[in-house]
Amino acid sequence: MRKWAWIAFWVLGLTWGSSFMLIRISVQEINPFELVFIRVGIAAAGLLALARFQNIAIPSERRVLIPLLLIGIGNPALPFLLISWGETVIHSSTASILQSTTSLFTLVIAHFFFEDERMSPQRVGGMTLGFIGVVILFSSNVDGGRVLLDSLLGQLAVVGASLSYAVTVTYSKIQLKGKGVKPLAVATVSMISATVIMGIATFAAPLLGGPSPVWLTDVSTGAAASAIVLGVFNTLFAYAIFYFVIGSLGAARASMVTYVVPVVGLILGIVFLGEPFTANLFWGAVLIMAGIGFVNIPERFNIFSRARREAVVK
């Protein structure tokens, strides 16, 4: 079983990492509202069927249902939308690196809400490295003293998605603690919530001067296939795989997939979409990944923490 769990882990990393490439392909012809609606709609239907098959009850109590509906907005509806819109103006490789900052934002927010998640010199150092990497990526939006506004806004949108993920993770941990809600039930209700929200947004957008939805038969095969694959494999199947990995390897090991996803997204964007591999992208990625790695070093392996403990003992 453990062997299959590690295989699933790498499949999950490859699947989620490919999301950025698929989004970039899709948003060339499908507007972000509709793309997210298709994605979460497919996932919601599949997760509901899976929950029924496993006899997992869908919460109906108001004290549980309202938080789950809000979680659906903060994760996945809003971040999916922000990333999709961002990728209309920035490369998928850049988006994959910026989205990995979720774990850094989570550290900052968790510091204020959980006693066992307080900041330490190690975490501050890692966060500093990560955010320097973000600044380096943002610096690519300045060309000869001129700010490339569209690109800057696209990058800010992806960072906003990371912040939304981080806030929602913290919110869900607080609101659902001790309520006995199964992870699959959380995913199912939040995905249904996201589907309703994005359905309304998709068809209301034209009334407010926004883009109109299109039939998938009216776009290229590549764009239509990418949208469907995003819903079926990168959302529905990926969520199911993620919960299997958590159950088999534990949450800590499952969270290590955050190291795999941006690397996969970076490579796929460069190899298959011909995106440029610039110095800003390289150093930004290195510092962000180094920061994430540094804050997750177990204390027993941290030479700074060990030296501090030895100094106290002496």
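Me: Contact means heavy atoms within 4.5 Å of each other. In this predicted model, which residues is R2 in contact with, leaving aside its neighbours within four places in sequence?

Reply: R2 is in contact with S248, L249 and R253, once those neighbours are left aside. R2 itself is found in helix α1. In sequence, R2 and L249 are 247 residues apart, while their C-alpha atoms are 7.3 Å apart in space.

Me: Why is R2 called partly exposed?

Reply: The relative accessible area of R2 is 44%. Buried means under 20% and exposed means over 50%, with partly exposed in between. R2, at 44%, therefore counts as partly exposed.

Me: How many helices and strands does the protein chain have?

Reply: The protein chain has 13 helices and 2 strands.

Me: What makes the protein chain as compact as a globular protein of that length?

Reply: The radius of gyration is 20 Å, and the globule rule gives 20 Å for 314 residues. The value is close to the rule, so the chain is as compact as a globular protein of that length. Along its principal axes the C-alpha trace spans about 70 × 60 × 40 Å. Buried residues make up 46% of the 314 residues.

Me: What share of the contacts with a separation of 6 or more comes from residues 24 or more positions apart?

Reply: Such residues account for 86% of those contacts in the protein chain.

Me: Why does I23 count as buried?

Reply: I23 has 3% relative accessibility. The cut-off for buried is under 20%, so I23, at 3%, counts as buried. I23 is found in helix α1, which covers residues 2-26.

Me: Which residues does I23 touch, not counting residues up to four places away in sequence?

Reply: I23 touches L35, R39, I83, S84, E87 and L230. For I23 and L230, which are 207 residues apart along the chain, the C-alpha atoms are separated by 7.7 Å.

Me: Where is T88 found, and is T88 buried, exposed or partly exposed?

Reply: T88 lies in the loop between α3 and α4 (92-99). T88 touches R24, V27 and P32, not counting residues up to four places away in sequence. The C-alpha atoms of T88 and A110 are separated by 31 Å, although these residues are 22 residues apart along the chain.

Me: What makes N55 exposed?

Reply: The relative accessible area of N55 is 71%. Exposed means over 50%, so N55 is exposed. N55 is found in the loop between α2 (32-53) and α3 (62-86). N55 also has a positive phi of about 55 degrees although it is not a glycine.

Me: How many aromatic pairs are there by the rule for rings?

Reply: Rings pair if their centres lie within 6.5 Å, and by this rule the count comes to 10 aromatic pairs.

Me: Why is the pair of F233 and F237 called edge-to-face?

Reply: The ring centres of F233 and F237 are 5.2 Å apart and the planes stand at 80 degrees. Planes over 60 degrees apart count as edge-to-face, so this pair is edge-to-face. F233 and F237 are 4 residues apart in helix α9 (residues 221-249), so they are separated by about one helical turn. F233, at 45% relative accessibility, counts as partly exposed, and F237, at 39%, counts as partly exposed too.

Me: How do you know that F282 and W283 form an aromatic pair that is edge-to-face?

Reply: The rings of F282 and W283 are 4.9 Å apart, centre to centre, and the limit for a pair is within 6.5 Å. Their planes make 75 degrees, and over 60 counts as edge-to-face. The pair is therefore edge-to-face. F282, at 35% relative accessibility, counts as partly exposed, while W283 is partly exposed with a relative accessible area of 49%.

Me: Which residues form one aromatic cluster?

Reply: W16, Y239, F242 and Y243 form one aromatic cluster.

Key: Residues numbered from 1 in each chain as written. Predicted model: local features only at pLDDT ≥ 70, side-chain atom pairs only at ≥ 80, totals over all residues. Heavy atoms only, no water. Rg over C-alpha atoms; globule rule 2.2 N^0.38 Å. Buried < 20%, exposed > 50% of the residue type's maximum accessible area, 1.4 Å probe, protein only. Phe/Tyr/Trp six-rings, centres within 6.5 Å; stacked < 30°, edge-to-face > 60°.
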